[in-house]
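Trainee: Could you take me closely through one part of this model and then show how that part sits within the whole? I would like the residue-level detail to come first.

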Amino acid sequence: MSVTVYVPNDSAAIGVGANATAQAISRIAAERGIDLRLIRNGSRGLFWLEPFVEVVTDEGRIGYGPVEAQDVPSLFDAGFLKGGAHRLRLGPPESIPYLARQERLTFSRVGIIDPLSIADYEAHGGGRSLRAALRAQPADLVEEITKSGLRGRGGAAFPAGIKWKTVLQARADQKFVVCNADEGDSGTFSDRMILEGDPFVLIEGMVIAGLAVGATEGYIYLRSEYPHALGILTAALRNAEAAGYLGTNLMGSDRRFHLHIRRGAGAYICGEETAMLESLEGKRGMVRPKPPIPALSGLWGRPTVIHNVMTLATVPWIVDHGSAKYAEFGAGRSRGTLPFQLAGNIRRGGLVEMAFGVTLRELLYDFGGGSASGRPIRAVQVGGPLGAYLPESRFDTPLDYEAFAAAGGMVGHGGIVAFDDTVDMARMARYAMEFCAIESCGKCTPCRIGSTRGVEVIDRVIEGRQRTENLALLRDLCDTLSNASLCAMGGLTPAPVLSALNHFPEDFQRPPAPAPAGRASRTIRRH
Amino acid sequence: MEPRPPASTSQATPGTRETLATIDAVIETHRSLPGALLPMLHGIQDRLGHIPGGAVPRIAEALNLSQAEVHGVLSFYHDFRNEPPGRHSLRLCRAEACQAMGCDALETHLHQRHGLSFHGTSTDGSVTLEPVYCLGNCALAPSVLIDGEVRGRVTAEKLDRWIGELKADRGGNP
């Protein structure tokens, strides 16, 4: 009888040797005449345990990790195919506390199924929502999403139902559904994990959105920094078409939905929805002024539903289980769950899907186990490069959109980057300005020019030149960026800068040091 | 290492016949796509490793755009390059999560040990170093992307080994 073994095909797992581990398992099984079925799944998101190998036994799946290629012979010797004892044996994955404590809705299948198998997808509940949606009235679908309380998971947290209703009510010869898969925030990888670990759920969510608003064309704008996800998603689209999830006769009905993938080209600003539309149209990724809102005048001027990967990938769960069930999770006006991502200097980095309301301290210590270096965690940046840096005094704030904003933070896309006490916050503030200078689209002056001036002002502070005057100037510049920028790029760049300045003022008063030599001229390039 | 010069369309290097044939084939494949310009540029760079200046007027004509518009798009995006890269691509992530795990020290190491600076190619033409802002591998930082494959928990010693392998490998990018 054949034994089934899972080795993740997630790019983070591959980055620490999962391909070599998979090859070693196949090779040794062949040498020993063992009939072994190797499945490349997504990652469970327990990255410090990657490559995380699972074997299907009579007692269910048993996990081993981290399994490097050199460990594989000893695993065979220990009888791991029957769940045998070994120093890397972790037991049933679901019993690992990190996973057991989670509330996985959007990620319910990731790491469990073969990402490219429709049969596996459907055996784990996939496809039911699309079949239900094909029988439903569009307005009822919109109502269901509205009642669930689902808000945009890309960071802006706009209520998805309102967006859908606007597009449904718009009259046009063509409407679009666009998925923003330009996950550029440092510290985030949940979109990538869905794309690589359960791509059909995103496809299903997009088709349901199309049925709800009357759109028959969809685009996924995928960042070029995710070449592995592109390969998996491309294959998933083919399989979805063959299985009737896409195309001209959805599930044998007379409804249709066509989906296209477009590759980004390394511009962070194209994660901003209007810049992304420009890029999809084949132009420079320059931000558009709003109004008109994309829901009324989006891609090629047509009504367009734009959502992040996570928002769309959550739609099937809501349609399948009901909006009331989804809304049971969460806190305040933040309903449901958010897949948080623990990153940076953290001992157990990974994907933690929890209902809104969990605190930073629980995530950093109960899940993350403190810093990777063993030193105290001094600062945490939440919500990507435009998110504030928070000191330990804010670690007990619940992570829901409103409560976190009241504490001066931004939940954003749920990325959490930890820094230990060796961090120099003046340099992190400088980097925030530098990043804005590199990635600004150049449309508005505060962002385009203010960011470069910001780097220069912070350099003078670091060098110890007229600190009081330059710090006043920096605050003034941040005020201009906040209030006069066209989009969140310039508007929120002051958040990391000012939070560094307000929470860690001592770092701006260190003994004068040379500014990071020449870095700006080496990396900032004009568009 | 000089920063790369701005893309020039006026000094379009007359490509070889094969280069132009490749460009024309890519243009032909993509010209009817809505929003065809980015797929076209990617298609050309995937095959040739860069976008030769000679491609710009051909793309402009196929899409009924001005050469300035094509150049504007080409120069906006960090990915596109108008000169051939080294045989292998090394991209070092310098976003916050990787900074928290010491990517700045790796950048310094690449410069001091291997003479590699951002946007520059090693003198033997084997490796081009580019910065990248997040590879989605932030739980296993610091990260690099080598010829399209992510590697995590990178150390200076691992970089030395991988660069040695890249330099020894005569194959690689077009």
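Predicted model: local features only at pLDDT ≥ 70, side-chain atom pairs only at ≥ 80, totals over all residues.

Mentor: Arg288(A) counts as buried, with a relative accessibility of 17%. The side chains of Arg288(A) and Glu278(A) meet in a salt bridge, with 2.6 Å from N to O. Glu278(A) belongs to helix 12 of chain A, whereas Arg288(A) is in the loop between helix 12 and strand 9, so the pair ties together parts that are 10 residues apart in sequence. Glu278(A) is buried too, at a relative accessible area of 13%.

Helix 12 spans residues 273-280 of chain A, and 8 of its 8 residues are buried, so the helix is largely enclosed by the rest of the structure. Besides Glu278(A), the buried residues include Glu273(A), Thr274(A), Met276(A) and Leu280(A). What do these buried residues pack against? Within chain A, their neighbours are helix 8 (160-169), strand 6 (176-181), strand 7 (217-222), strand 8 (258-263) and strand 9 (304-308). From chain B, helix 2 (37-48) joins this set. Just after helix 12, Gly282(A) takes a positive phi of about 90 degrees.

Two residues other than glycine also have positive phi values. Trp300(A), with phi near 50 degrees, lies in the loop between helix 12 and strand 9 of chain A. Trp300(A) is partly exposed, having a relative accessible area of 28%. Met251(A) has a phi of about 50 degrees and is placed in the loop between helix 11 (227-242) and strand 8 of chain A. Its relative accessibility of 24% makes Met251(A) partly exposed.

One salt bridge joins Glu434(A) to Arg94(B), whose closest N and O atoms are 3.2 Å apart.

Chain B itself has 7 helices and 5 strands, arranged along the sequence as α-α-α-α-β-α-α-β-β-β-β-α. Its C-alpha atoms fill a box of roughly 50 × 30 × 25 Å along the principal axes, and 55% of its 174 residues count as buried. Among contacts in chain B with a separation of 6 or more, 64% are between residues 24 or more positions apart. Chain B carries 16 positive and 20 negative side chains, and the centres of these two sets lie 4 Å apart. In helix 7 (residues 156-168) of chain B is Ala156(B), which is buried at 19% relative accessible area. Leaving aside neighbours within four places in sequence, Ala156(B) is in contact with Leu106(B) and His109(B).

To return to charge pairing, the structure holds 44 salt bridges over all chains. Glu94(A) and Arg44(A) form one of them, with closest N and O atoms 3.0 Å apart. Glu94(A) lies in the loop between strand 5 (89-91) and helix 4 (97-100), and Arg44(A) in the loop between strand 2 (36-39) and strand 3 (53-57), so this pair ties together parts of chain A that are 50 residues apart in sequence. Arg44(A) is buried at 5% relative accessible area, whereas Glu94(A) is partly exposed at 46%. Arg128(A) and Asp320(A) also meet in a salt bridge, at 2.8 Å from N to O. This pair links distant parts of the chain, with Arg128(A) in helix 6 (residues 128-135) and Asp320(A) in helix 13 (residues 309-321), 192 residues apart. Both partners are partly exposed, Arg128(A) at 47% and Asp320(A) at 27%.

Two cis peptide bonds complete the account. The bond from Gly65(A) to Pro66(A) is cis, with omega near -10 degrees, and Pro66(A) is found in the loop between strand 4 (60-64) and helix 3 (72-77) of chain A. In chain B, a cis bond joins Ala141(B) and Pro142(B), with omega about -5 degrees; Pro142(B) is in the loop between strand 3 (127-132) and strand 4 (144-146) of that chain.

Note on methods
Residues numbered from 1 in each chain as written. Chains lettered and ligands numbered in written order. Heavy atoms only, no water. Helix = DSSP H or I, 4+ residues; strand = E, 2+ residues; numbered from the N terminus. Buried < 20%, exposed > 50% of the residue type's maximum accessible area, 1.4 Å probe, protein only. Contact = heavy atoms within 4.5 Å. Lys, Arg positive; Asp, Glu negative; His and termini not counted. Charge placed at Lys NZ, Arg CZ, Asp CG, Glu CD. Salt bridge = Lys/Arg side-chain N within 4 Å of Asp/Glu carboxyl O.
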